[in-house]
Amino acid sequence: MKLRPLRWLRQPSAKQSTAQKEELQVVRNHMIKDMQKRFSDSPVKILLLGTAESGKTTIFKQMRILHINGFTDDERRDRIPEIYQNIHDSIHQLVLQMGLLGLDFGSCTSERSADYILSLPGGAPEYMNEEYCDHVMTLWNDVGIRACYDRSNEFPLLDSAKYRKITTGISQITFRVPVPKSLGGGEQEFRMYDVGGQRDQRNKWIQVFEGIQAVLFLVSCSEFDQNLREDPNQNRLEEALKLFRRVWQNRFLASAGLIVFINKYDIMERKIRAGKHIVDYFPEYEEFCKRPQQDNCFDECDWTKMFIKQKLVDITQEPFKRHSRNNSDLITSERECYYHFTVATDTRCIREVFSDVQKMILSENMAGSGLF
Ligand SMILES: Nc1nc2c(ncn2[C@@H]2O[C@H](COP(=O)(O)OP(=O)(O)OP(=O)(O)O)[C@@H](O)[C@H]2O)c(=O)[nH]1
Ligand SMILES: [Mg+2]
């Protein structure tokens with residue numbers, strides 16, 4: 001399936017009379033309804049792909065919040081100890097790193113709070129009492145701790161990884177979404193698959209390639225200054241680009257639409273405002289910025305976003321080898337790829353983006369039927 005935006009929906013020609021146009025519109029509406037009914041009987045299968053921590057499971061959970069009933073109170077309550085432990089381990093780690101990085105606390109009060117945190121036994125307190133919370137807040141507002149946090153790409157700060165559930169199997173959810181009237185109305189069933197993104201998980205992906213109509217590929221644009229957990233010598237963004245190339249060129253996914261979520265741009269913006277520059281990791285960025293001013297490029301955050309997007313676009317234009325039975329041809333895919341900048345943790349952002357994705361998939365289904 002090649003995805004195309006909705007603008008290609010064919011409009012009646014200017015040469016037709018008003019009566020002809022109206023008649024055509026009625027026929028067209030009937031056909032759309034009919035087609036939509038046929039499609040809604042079988043689920044549209046969407047596969048989430050991307051490197052570890054790119055945000056796949058977060059999108060998966062957002063679908064549950066947006067289109068199923070979200071999470072029960074018990075499920076929410078079950079996460080409280082993990083959140084406490086997460087806060088505790090993060091602040092503990094930052095306090096320890098202060099010494100290792102040779103940083104000073106901003107005040108004696110913060111030093112006392114640091115001693116308090118270090119004096120506690122390993123685990124987080126079962127209840128976060130006022131004294132504990134005050135110490136954590138004092139530390140979090142300390143200039144030294146903030147400087148340490150800004151250098152957290154140099155050491156494995158929790159970054160919610162330890163208590164985040166790394167995906168190791170394959171999960172699926174099915175949900176129904178209302179279809180816009182312009183696309184026939186009614187409801188469409190979607191089935192979404194979530195897989196693990198770490199290197200040792202990727203050999204399982206092929207199990208779900210069959211019948212996939214759209215791949216949502218997630219790239220974390222904030223990870224330009226970080227290396228992989230599973231290979232400390234490999235830059236994470238480089239790894240994501242390599243993986244994207246393999247997915248784009250994968251012959252089993254050749255008929256699936258490809259939509260890229262350039263994710264975590266909130267973290268990326270925070271990093272850049274804290275003084276990080278992608279050019280220190282991708283020197284070709286300097287040349288990229290010499291291009292004529294692009295629309296919507298006002299500051300370094302915008303340029304960084306555009307630079308990462310361009311890297312992905314370049315990959316989709318590379319010729320590659322497609323092996324057939326007797327020979328291997330050098331081809332360039334004519335498929336289009338669509339890009340969205342996302343913050344997967346922001347339900348509102350994902351609601352909007354997914355609505356666009358849904359419309360694209362559905363209108364493409366109809367285009368494939370020859371209706372348009
Ligand atoms: N601030 C911010 N955090 C995000 C965003 N997307 C994901 N995260 C966080 O990043 C962490 C990793 O996200 P996951 O959804 O678990 O990543 P994953 O791709 O499923 O990772 P694997 O299961 O290991 O393949 C989680 O703590 C998320 O809450 C985002 O756009 N912004
Ligand atoms: Mg996951």
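I looked up the spacing of the two domains first: the C-alpha centres of domain 1 and domain 2 lie 34 Å apart. The domain assignment gives domain 1 as 42-73 + 167-358 and domain 2 as 80-154; such bounds come from an automatic or database domain assignment. I note that this is a predicted model, in which local features need pLDDT of at least 70 and side-chain atom pairs count only at pLDDT 80 or more, while totals for chains, interfaces and linings use all residues. Residues are numbered from 1 along each chain as its sequence is written, chains are lettered from A and ligands numbered from 1 in the order in which they are written, and side-chain values use heavy atoms, with hydrogens and water left out.

Interface entry. I find 6 residues of domain 1 in contact with 4 residues of domain 2, contact being heavy atoms within 4.5 Å. The two domains bury about 320 Å² between them, with 35% of this area on carbon and sulfur atoms. Buried area here is the accessible area (1.4 Å probe) that two parts lose on being put together, summed over both. The side of domain 1 that touches domain 2 has 2 nonpolar, 1 polar and 3 charged residues. In this classification Ala, Val, Leu, Ile, Met, Phe, Trp, Tyr, Cys and Pro are nonpolar, Asp, Glu, Lys and Arg are charged, and the others, Gly among them, are polar.

How many salt bridges are there between domain 1 and domain 2? I record 0, a salt bridge being a side-chain nitrogen of Lys or Arg within 4 Å of a carboxyl oxygen of Asp or Glu.

Backbone entry. I recall that most residues other than glycine have a negative phi. Glu53, not a glycine, has a positive phi of about 65 degrees. I place Glu53 in the loop between strand 1 (44-50) and helix 2 (56-67); helices (H or I, at least four residues) and strands (E, at least two) are DSSP runs, numbered from the N terminus.

Is Glu53 buried or exposed? Glu53 counts as buried because its relative accessibility is 9%; buried means under 20% relative accessible area, exposed over 50%, and partly exposed in between (1.4 Å probe, protein chains only).

Lys264 also has a positive phi, near 60 degrees. Lys264 lies in the loop between strand 5 (257-263) and helix 9 (265-273), and is buried with a relative accessible area of 17%.

Overall entry. I list 12 helices and 8 strands in the protein. Of its 372 residues, 44% count as buried.
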